Amino acid sequence: MAQLNLNLTDEFERDLRTLMKARKIKQKSEAIRYAVSAAANAEKKRKDFDTLLGALASAAPNHHPRFETEDDLWGSR
């Protein structure tokens, strides 16, 4: 396993200790690995969502919508 040396700011150290306490992690290195993994997974989910939005935006427009405005949608019963 490769080694990474970091200089921690006071703010990073505080946040790291908060994470360690919340997740009951005893080692700083394990807490950093956990945080990086969680951030990477969140990024994957964000990209998946952005891809979905892009697909929806590129879909053919509906030229005959059932409701003209959002007010029409929520106002009719």
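Student: In this predicted model, how do the residues lining the largest pocket divide into nonpolar, polar and charged?

Tutor: That lining has 6 nonpolar, 2 polar and 2 charged residues. Its members are M1, A2, Q3, L4, L6, L8, K28, S29, I32 and R33. Lys and Arg count as charged, so K28 and R33 of the lining fall in that class.

Student: What volume does the largest pocket have?

Tutor: The space in the largest pocket is about 250 Å³.

Student: Why is α1 called roughly perpendicular to α2?

Tutor: The axes of α1 (residues 10–23) and α2 (residues 28–57) come within 10 Å and cross at roughly 90 degrees. Angles of 65 to 115 degrees count as roughly perpendicular, so α1 is roughly perpendicular to α2.

Student: Which residues make the contact of α1 with α2?

Tutor: From α1 come F12, E13, L16, R17, L19, M20 and R23, which meet K28, A31, I32, Y34 and A35 of α2. This contact divides into 8 nonpolar, no polar and 4 charged residues.

Student: What is the confidence in the chain and its elements?

Tutor: The mean pLDDT of the chain is 86, with 97% of residues at 70 or more. Among the elements, α1 has the highest mean (96) and α3 (residues 70–75) the lowest (82).

Key:
Residues numbered from 1 in each chain as written. Predicted model: local features only at pLDDT ≥ 70, side-chain atom pairs only at ≥ 80, totals over all residues. Heavy atoms only, no water. 1 Å grid on protein atoms, 1.4 Å probe; cavity = no way out; pocket = protein on both sides within 12 Å on 5 of 7 lines; lining within 4 Å. Points joined across faces, edges and corners; volume = space filled by probe spheres on them. Axes fitted to C-alpha atoms, helices over the stretch in contact; angles between N-to-C directions. Helix = DSSP H or I, 4+ residues; strand = E, 2+ residues; numbered from the N terminus. Parallel < 35°, antiparallel > 145°, perpendicular 65-115°, else oblique. Contact = heavy atoms within 4.5 Å. pLDDT = per-residue confidence, 0-100.
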